[in-house]
Amino acid sequence: MNSQQWIEKSDKYIMKTYGRYPIVPVRGAGCRLWDADGREYLDFLGGVAVNNLGHCHPRVVAALQHQAAELIHCSNYYQVPQQIELAELLCSHSFADRAFFCNSGAEANEAAIKLARKYSRDKFGPQRYEIITAAESFHGRTMATVSATGQEKVQRFFDPLLHGFTHVPFNDAAALAAAVTPNTCAIMLEPIQGEGGVNIPSTGYFQEVRRICDQHGLLLIFDEVQVGMGRTGTLFAYEHFGVVPDIMTLAKALAGGAPIGTMLAREEFASAFTPGTHGSTFGGNPLVCAAAIATIRTILEEGILNRTEEIGEYLLGELETLGKKYPFVTEVRGIGLMIGMSLNIPGAEIVKKGHERGLLLNVTHDTVLRFVPPLVVTKQEIDTMIATLDGIFAEVVA
């Protein structure tokens, strides 16, 4: 079937929950995708920061093939060796003592919300259940994570939202301190906001957040669903800010494209979950855990983190140089390979023109072009992307 035939079938059978582009990817390798018509695309979206090792990395493919032939799924009533190995790997490279596995970032954040409330209820009583999050944050599409998210466009149509969430401006420690009440149990933040427009906090912000948490006995939850797993040049983004959370969530890039989420926590808090208080049928099954183990080992053993920092600086510099040529570019900001380019014009048309030229990118918050390519992107691929974007920008101002 060609692309148009797939699109017509999709229009007939798939619910309209996504504003899909008329592109039908059927094959991928590294930073390249090919559609059902054989057309090639250079991918600077990477499955929205999922494909950190590129499409179909050989070590991830081999792990999936081997595990699929051994055991795909078994119940969490039993011990799962791949799950245990993955938990050890994550804990040994982070602040955490224990892991809970699920299927997505939203599920991981649901688990974090439940753990924070359970721990606080056990220690302080039922009145402490409120969680402070940030305006423009994004934590998922389930009811609890929609309620936690600080974007009205995500919450619209779904009233009543889950009670117990307060939103304050991101990067404003004073506003956060003022929002703490006797009912507050936790503060939940993305170290760098992704869907909110690639917003990077100022120096010292998270130290102040940590101080507020310690002063009031609040749990600090970091949502690293988008920024974790090497995206910023360190395995976890919190390492940039010199602050250690109590709970952290991961998903997107954890298993090289296989669906997985995890919540990591220090023992003091993790022990609040007891048998029957939380669970997930597919969470941490042997197949996705094998993919995640291969992904993490590849990142750690093949110098991906140092390379991300270096290639990220190159991409940032090239985008800054390009931005100076065009008055509608107002700012370029980012860490590692999580970079945003702010415009004073809508970005949707630029994304569409990119697709027409074989370049996949994305606009978030309507006016911020988001660049989250696979961490294995090369300088030559960046040069190709910049040249393509230069041509699009020139057409926009013509």
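User: Let's start with a pairing, then: in strand 15, which residue is the bridge partner of Ser342?

Analyst: That partner is Val368 in strand 15. Please keep in mind that we are looking at a predicted model.

User: What about strand 11, how many bridges join it to strand 12?

Analyst: Six bridges join strand 11 (residues 329-335) to strand 12, and the two run antiparallel. Within strand 12, Met341 is the residue that stands opposite Val332. The two strands form a hairpin with two residues between them, and there Gly336 takes a positive phi near 60 degrees.

User: And is strand 12 mostly covered or mostly open?

Analyst: Strand 12 (residues 338-343) is mostly covered, since six of its six residues are buried. Met338, Gly340 and Ser342 point one way, while Ile339, Met341 and Leu343 point the other way, and all of these are buried.

User: OK, helices now. Which residues of helix 13 are buried?

Analyst: In helix 13 the buried residues are Ile350, Val351, Lys353, Gly354 and His355. They pack against strand 3 (40-43), strand 12, strand 13 (359-360), strand 14 (362-364), strand 15 and helix 14. Just after helix 13 comes Gly358, which takes a positive phi of about 80 degrees.

User: You mentioned helix 14. At what angle do helix 13 and helix 14 pack?

Analyst: Helix 13 (residues 348-356) and helix 14 (residues 379-397) pack at an angle of about 130 degrees, and their axes are 10 Å apart. Helix 13 and helix 14 are therefore oblique to each other, and their crossing is right-handed.

User: Which residues meet there?

Analyst: From helix 13, Ile350, Lys353 and Gly354 meet Leu389, Ile392, Phe393, Glu395 and Val396 of helix 14. Sorted by class, this contact of helix 13 with helix 14 has five nonpolar residues, one polar and two charged.

User: Changing topic: what is the strand order in the open sheet of seven strands?

Analyst: The order is 4-10-9-8-7-5-6, and the pairing in this open sheet is mixed. Its edge strands are strand 4 (98-102) and strand 6 (165-168), each of which pairs on one side only. On average, and with direction ignored, neighbouring strands of this sheet are turned by 20 degrees against each other.

User: How do strand 9 and strand 10 run, parallel or antiparallel?

Analyst: Strand 9 (residues 247-250) and strand 10 (residues 261-265) run antiparallel and are joined by four bridges, with Met248 having Leu264 in strand 10 as its bridge partner. Helix 4 (residues 81-92) packs on the sheet, where it touches strand 4, strand 9 and strand 10, and its direction makes about 125 degrees with that of strand 4. Helix 5 also packs on the sheet and touches strand 4, strand 5 (130-134), strand 6, strand 7 (184-189), strand 8 (219-223), strand 9 and strand 10, with a direction that makes about 165 degrees with that of strand 9.

User: Last one: is Asn109 buried or exposed?

Analyst: Asn109, which has its place in helix 5 (residues 105-124), counts as buried because its relative accessibility is 1%, and the cut-off for buried is under 20%. Leaving aside residues up to four places away in sequence, Asn109 touches His139, Thr145, Met188, Asp223, Val225 and Thr249.

Note on methods. Residues are numbered from 1 along each chain as its sequence is written. This is a predicted model: local features need pLDDT of at least 70, side-chain atom pairs count only at pLDDT 80 or more; totals for chains, interfaces and linings use all residues. Side-chain values use heavy atoms; hydrogens and water are left out. Axes are lines fitted to C-alpha atoms, for helices over the stretch in contact, and angles run from 0 to 180 degrees between N-to-C directions. Angles under 35 degrees count as roughly parallel, over 145 as roughly antiparallel, 65 to 115 as roughly perpendicular and the rest as oblique. A crossing is left-handed if the near helix is turned anticlockwise from the far one by less than a right angle, and right-handed if clockwise. Contact means heavy atoms within 4.5 Å. Ala, Val, Leu, Ile, Met, Phe, Trp, Tyr, Cys and Pro count as nonpolar, Asp, Glu, Lys and Arg as charged, and the others, Gly among them, as polar. Buried means under 20% relative accessible area, exposed over 50%, partly exposed in between (1.4 Å probe, protein chains only). Two strands pair if DSSP finds at least two bridges between them.
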